[in-house]
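Please look over the sequence and the model shown here before reading the notes that come after.

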Amino acid sequence: MIRLSPALGPLTPRQRWRRARLQAYSWTLTGAYRLGALHPAIWRMVARGYHPALDWVAARHARVACQFAAVDVPAYRHFLRAHGAERARGLADFPETTKQNYAGAYDEASRCQEGRLHRPGVIVDESSGSSGKPYNWVRGPRELKGIYRNAAGYIELVFPGKRLFVINAYSMGAWATGTTTGAAMARIAMVKNTGPDLEKIADTLEHFGPGYDYVVAAYPPFLKHLRDRLDEAGFPWREYRIRGMVGGEGMTEALRDYLEERFEEVRSGYGASDLTIGMGAESGFSVRLRKRLATDQRLRDLLLGPGEQRLPMIFHYNPLETFLEVNADGELLCTINTKSCLQPKLRYNVGDEARLRTLADVRRALGADEYARMWTDERMNLPLLFLFGRKDSTISYMGANLYPQDVEYGLYQGNPYAGAIHRFCLSLEELPGLEYRPVINLEVRGEVDERALAEICRKGVVAHLSALSRDFAESLKEDPTAADLRIRVFGPGEGPFAGLTKMKNVYLVKDA
């Protein structure tokens, strides 16, 4: 596809005056945000002292970010003209941007401020390609410093320790998460960038010994592989203090429970290569709230909507830096407020389905006493993002949508063979008579009773889906053969897992 490369072109005196005013206003707010993140202690104070009245400031700054880009970013000026939105004033008047209609339609330089890409300190990251094609994303030095400060502040808040030692197990290639995590953690901790190498991590833990407060940063499935690898080696977990920081994809409470049998605690962060790293983060409170939602339909109805059966991830987020909205289709829109963003992200729709709630909403839903009991030491006072994940990550079956996270619950919850499961993916199998059945493909390692594994996984997934999804439970009543979920077991690198080199798991495949 040929991408457009519009130039900024000369500005009229009126546009230059407007640009100067908007730039001064935006830099003033960005400077205030930056002061709040100069030191992790100040960052903690801001996170704990956030007041809902600041939501208005955040919304205004998001509007200013769009208005400023309209005169300063060549691609965005062209984009607005193409959508008949040159005179947009309110935030909702600016059209949504996506990977297809904006990032993929314009080249990197034209999406930068002033149309200038090449400058010292710019880092080029690459997305994982989970959507089919890897994209390049650029970030400037000021933008990166802000990301580093936020990440460091969060880690010190959630994982306190006098001798922090971060083992960075994210991929160390051109992917944003790995390189950014290493640079950010070096501000507050000793860091070793091992990448996703189980043997290096095991050697590191053995070499440096139990005298440190370890935090392993990794994708959720890799943290499971690490637990299983160390268990096989008889690792002395009780002598060590090891916690886990995960990101890049969702995590079920079943997997968290499995990991926390060894790790002291496991917390997740939310980001996207398209947008920024560390848009949202879990706290002890958000984890407790999520576990409560899993068993309380009344609370789910109040916070997620009547009849909602899925269990989202729950993250705190700072609207002053990443202003979030939810459109009419339930999809998340993000505007990066800070002026330091080299390629402004403006009402960008990454394809995630979500809900937004203030802490006041949660307090009313829980009741004051229960709300107070659920608070933990972090005391983050930021609003909450309820994230369901990519809207297209489902398989439709018997009138119900099957989500990979729901399947993961059934695979790991109470499964004595959980340690043998390396990863899984979903597919549909066509049966005679044009009938379809969902297939759960398992990649396993080591010697395992495949028939017993398949049966316990099938029962676990059916039981979880029946309890979670009314549609699925109803289909079982009407047609008991709906429980005939197919389980296929493969060795390492076999079947649909052949040739997979991506660190992030692929959960949906066309042909298995």
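The report below takes up a few positions in this predicted model, one setting at a time.

## Thr180 in a helix

Thr180 belongs to helix α7, which covers residues 176–185. Its relative accessibility is 4%, and because buried means under 20% relative accessible area, Thr180 counts as buried. When residues up to four places away in sequence are set aside, Thr180 touches Ile147, Tyr148 and Ile277.

## Arg310 in a loop

Arg310 is found in the loop that runs between α12 (297–304) and β10 (313–317). With a relative accessible area of 12%, Arg310 is buried.

Leaving out residues up to four places away in sequence, the contacts of Arg310 include the charged residues Arg300, Glu353, Arg355 and Asp406, and Arg310 also touches Leu304, Phe388, Tyr403 and Leu468. Arg310 and Leu465 are 155 residues apart along the chain, and their C-alpha atoms are separated by 10.0 Å.

On the surface, Arg89 gathers with Arg14, Arg21 and Arg87 in a patch of positive charge.

How values were computed: Residues are numbered from 1 along each chain as its sequence is written. This is a predicted model: local features need pLDDT of at least 70, side-chain atom pairs count only at pLDDT 80 or more; totals for chains, interfaces and linings use all residues. Side-chain values use heavy atoms; hydrogens and water are left out. Helices (H or I, at least four residues) and strands (E, at least two) are DSSP runs, numbered from the N terminus. Buried means under 20% relative accessible area, exposed over 50%, partly exposed in between (1.4 Å probe, protein chains only). Contact means heavy atoms within 4.5 Å. Patches are made of residues with over 30% relative accessible area and no salt bridge: like charges are joined within 9 Å, nonpolar side chains (Val, Leu, Ile, Met, Phe, Trp, Tyr) within 5 Å. Accessible areas come from the Shrake-Rupley method with a 1.4 Å probe; for residues, only the protein chains shown count as cover. A salt bridge is a side-chain nitrogen of Lys or Arg within 4 Å of a carboxyl oxygen of Asp or Glu. The place of a charge is taken as NZ of Lys, CZ of Arg, CG of Asp or CD of Glu.
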